[in-house]
Amino acid sequence: LSVSDGVDHRARFDKWWRGCWKSVKFPDQGTVFDYFVNPETRKFERWADLVRPVSVPSEELSLSATLVPTGQTLCLGYFLDVLTRGRRSVMLVGPTGVGKSLLLREKLQGLPEDAMAQVVTFHYYTTSASLQACVEQSLERRVGRIYGPPGQKRLVLLCDDLNLPRVDTYGTQ
């Protein structure tokens, strides 16, 4: 949720959510998106309070490959972990350059041993045939027309830039 056409959808959702849960005492500052319930204390705490200082190890490190933790990235990371552990599909939507792909790729690096990851980056020239060929590279034929990842592994597939109908204004895709 973000601001579009002059409407702050986070603020609208916050107002609606607080109205649905009138018996819950939410913090006065920020929105419901800024807080989580600490399971130990059973109190609201800010995601931003979990952020730890970051040191950049090298000048050679690309800034585009650096994920700077924020309250928002910690929150998204938490929900990504919960949903992927539960084997649920996840879709991150947002404007270009906010770190969706970087966050997801970082999460893929931390998958358990029983999982394997494949990244398919869509672009203007992606066709259904090229997508199928790319995905089939990670699969093995089991029986008949049934395919799956090797052995007992599960495949986590990241479809990056899924809705990319043309080259963007900045030439980043």
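**Close-up views of a predicted protein chain**

**View 1. Helices H2 and H3 are oblique to each other.** Helix H2 (residues 71-85) packs against helix H3 (residues 100-109) at an angle of about 45 degrees, and their axes are 11 Å apart. Axes are lines fitted to C-alpha atoms, for helices over the stretch in contact, and angles run from 0 to 180 degrees between N-to-C directions. On the H2 side the contact involves Thr73, Leu76, Gly77, Leu80 and Asp81, and on the H3 side Leu103, Leu104 and Lys107. By class, these contact residues comprise 4 nonpolar, 2 polar and 2 charged. Nonpolar covers Ala, Val, Leu, Ile, Met, Phe, Trp, Tyr, Cys and Pro, charged covers Asp, Glu, Lys and Arg, and the others, Gly among them, are polar. The model is predicted: local features need pLDDT of at least 70 and side-chain atom pairs count only at pLDDT 80 or more, while totals for chains, interfaces and linings use all residues. Residues are numbered from 1 along each chain as its sequence is written, and side-chain values use heavy atoms, with hydrogens and water left out.

**View 2. Threonine 73 is a buried residue of helix H2.** Its relative accessible area is 17%; buried means under 20%, exposed over 50% and partly exposed in between (1.4 Å probe, protein chains only). Not counting residues up to four places away in sequence, threonine 73 touches Leu67, Val68 and Leu103. Contact here means heavy atoms within 4.5 Å.

**View 3. Arginine 142 lies in strand S6 (residues 140-143).** With a relative accessible area of 41%, arginine 142 is partly exposed. Beyond residues up to four places away in sequence, arginine 142 touches Tyr147, Gly148, Pro149 and Gly151.

**View 4. Lysine 25 is placed in the loop between helix H1 (9-20) and strand S3 (35-37).** Lysine 25 is exposed, at 64% relative accessibility.

**View 5. Arginine 42 and arginine 87 each have a positive phi.** Arginine 42, which is not a glycine, has a phi of about 60 degrees. This residue lies in the loop between S3 and strand S4 (44-46) and is exposed, with a relative accessible area of 73%. For arginine 87, likewise a residue other than glycine, phi is near 60 degrees. Arginine 87 is found in the loop between H2 and H3, where it is exposed at a relative accessible area of 57%.

**View 6. The protein chain comprises 4 helices and 8 strands.** Helices (H or I, at least four residues) and strands (E, at least two) are DSSP runs, numbered from the N terminus. Along the sequence their pattern is β-β-α-β-β-α-α-β-α-β-β-β. Of the 173 residues in the chain, 19% are buried. The chain exposes about 13,400 Å², of which carbon and sulfur atoms supply 55%.

Notes: Angles under 35 degrees count as roughly parallel, over 145 as roughly antiparallel, 65 to 115 as roughly perpendicular and the rest as oblique. Accessible areas come from the Shrake-Rupley method with a 1.4 Å probe; for residues, only the protein chains shown count as cover.
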